[in-house]
Amino acid sequence: MQNVKDYIAQHKDRFINELIDLLKIPSVSADPAYNQDVLNTAYAVKESLEKAGCDKVEICETPGYPIVYGEKIIDPNLPTVLVYGHYDVQPADPIDLWTSPPFEPVIKKTDIHPEGAIFARGACDDKGQMYMHVKALEYMTHTGNLPCNVKFMIEGEEEVGSESLAWFVPRNKEKLANDVILISDTGMIANDIPSITTGLRGLSYVEVEVTGPNRDLHSGLYGGAVANPINILTQMIASLHDENNHITIPGFYDKVEELSREERDEMAKAPFSLEDYKAALDIDDVHGEAGYTTNERNSIRPTLDVNGIWGGYTGEGAKTVIASKAYAKISMRLVPGQEWEEITELFKKHFESIAPKSVKVEVKPHHGGQGYVTPIDNIGYQAASKAYQETFGVTPIPQRSGGSIPIVALFEQELKSKTILMGFGLNSDAIHSPNEHFGVWNYLKGIETIPYFYQYFTELSK
């Protein structure tokens, strides 16, 4: 497949412009105001798969946003790769922190991306990485280099919990039958240090509501005599960690997998500069669970974080009130072994138990998912490793990620397939944040590398 570089060079500008067009559509699944935009994106993905060479592409209706399914079956006796991705994106807020409009993609040079990076919501997560697979398919079908069968399943609810996907997969096991699942919704260590994600954390996401008096009160007339829900909520949240930053919920750590010293030593071989890490985030020091390194804290240990907190008056000027209600959104990243529904229930029971009688507390579960580990002796992992070696010139490092892709555990449960996570983004790409971006070099390198996965997976499957 030496001509893959030539093909990319010949079509580079078109590949970039097609992605830019896709990024212009604000497919924010969390906000109903963007409903039509999400649907428009699904049809844009359908059209791109048809042009790339799929023989069959369909919009599959679900209780929520549709799933785009496509396939190219060249021989039923050959292996089948199922590619998963998502076409929805995170909300762009806070808009005022973007240096360019989130849905008006622009290419800017950065220190990490001297050749330029595409700045737009969804550039890396996940439109850019998903579209690499579409363009890799185009290369393989247009040049006669597709060595096996391929199926695509691109959903529109990943950023809100993939509820419709969980409905769709068990009902379409035959349609989705495969030998391996390939996903690019993760990252790698650096452009010169490729890595393959072998583990993902699970997730439990909840919203809490603390209610005090039956209406907002004058803080002069009632202050000091009536519980302030905002004060109470912040105290309750603060109590969820002890002085060593351990989570204080009873039973929270009961099923946490403790990695051996040998495994932790292997993880420590990945290049990491604590000073560079702090400098990149403009912080004076790191913070986390005692007894673990930064890379262990954000990958093999569970966490609890407040994602948003609000209540009372937050407008311009002053308004002296004691709010009737206060709210917070809280996420817990879980490690393999922890059951997200069990953790959600443990949180609910504990949070309600620590509330004083002066307030009422309601915990509303949102969504969650299980953690996941792919063994490195799996032929899918070996094929991915060989593909990276081919295009990067070095062996990729197996790495556990702190992020969550809840549907990966679902795939193994329902489809009995292992998932290979070939990510080409970088930690600095600001996914879920203002100024999200994806390096042009990374985008094109993904398109170059993915076809080799197909080649080596087919060879190793014989």
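Helix H10, residues 340-353, lies across S9, S11, S13 and S14 and runs at about 165° to S14. Contact here means heavy atoms within 4.5 Å. The axes are lines fitted to C-alpha atoms, for helices over the stretch in contact, and the angles run from 0 to 180 degrees between N-to-C directions. Helices (H or I, at least four residues) and strands (E, at least two) are DSSP runs, numbered from the N terminus.

A word on the source. This is a predicted model, in which local features need pLDDT of at least 70 and side-chain atom pairs count only at pLDDT 80 or more, while totals for chains, interfaces and linings use all residues. Residues are numbered from 1 along each chain as its sequence is written, and side-chain values use heavy atoms, with hydrogens and water left out.

Now the sheet under those helices' names. Its four strands come in the order S11-S13-S9-S14, the sheet is open, and the pairing is antiparallel. At the edges are S11, residues 303-311, and S14, each of which pairs on one side only. Neighbouring strands are turned by 15° against each other on average, direction ignored. Two strands count as paired if DSSP finds at least two bridges between them.

Going through the pairs: S11 and S13 are joined by eight bridges, and Val 306 has Ile 330 in S13 as its bridge partner. Between S9 and S13 there are 10 bridges, with Gly 202 opposite Leu 334 in S13. S9 and S14 are joined by eight bridges, and the partner of Glu 209 in S14 is Glu 362.

How many residues of S9 are buried? The count is 10 of its 10. Buried means under 20% relative accessible area, exposed means over 50%, and partly exposed is in between, with a 1.4 Å probe and protein chains only. Both faces of S9 are covered, with Val 206 and Val 208 among the buried residues on one side and Tyr 205 and Glu 209 among those on the other.

Next, Glu 209 and its salt bridges. A salt bridge is a side-chain nitrogen of Lys or Arg within 4 Å of a carboxyl oxygen of Asp or Glu. Glu 209 forms one with Lys 325, the closest N and O atoms being 2.9 Å apart. Glu 209 is in S9, residues 202-211, and Lys 325 is in S13, residues 325-334, so this pair ties together parts 116 residues apart in sequence. Glu 209 is buried at 11% relative accessibility, whereas Lys 325 is partly exposed at 29%.

Glu 209 also meets Lys 364 in a salt bridge, at 3.4 Å, N to O. Lys 364 lies in S14, residues 360-369, so here the parts tied together are 155 residues apart in sequence. Lys 364 is partly exposed, at 29% relative accessibility.

The whole structure has 25 salt bridges. One of them joins Glu 414 and Lys 173, at 3.1 Å, N to O. Glu 414 sits in helix H12, residues 407-415, and Lys 173 in the loop between helix H4 (163-171) and strand S7 (180-183), so the parts tied together are 241 residues apart in sequence. Glu 414 is buried at 15%, and Lys 173 is partly exposed at 40%.
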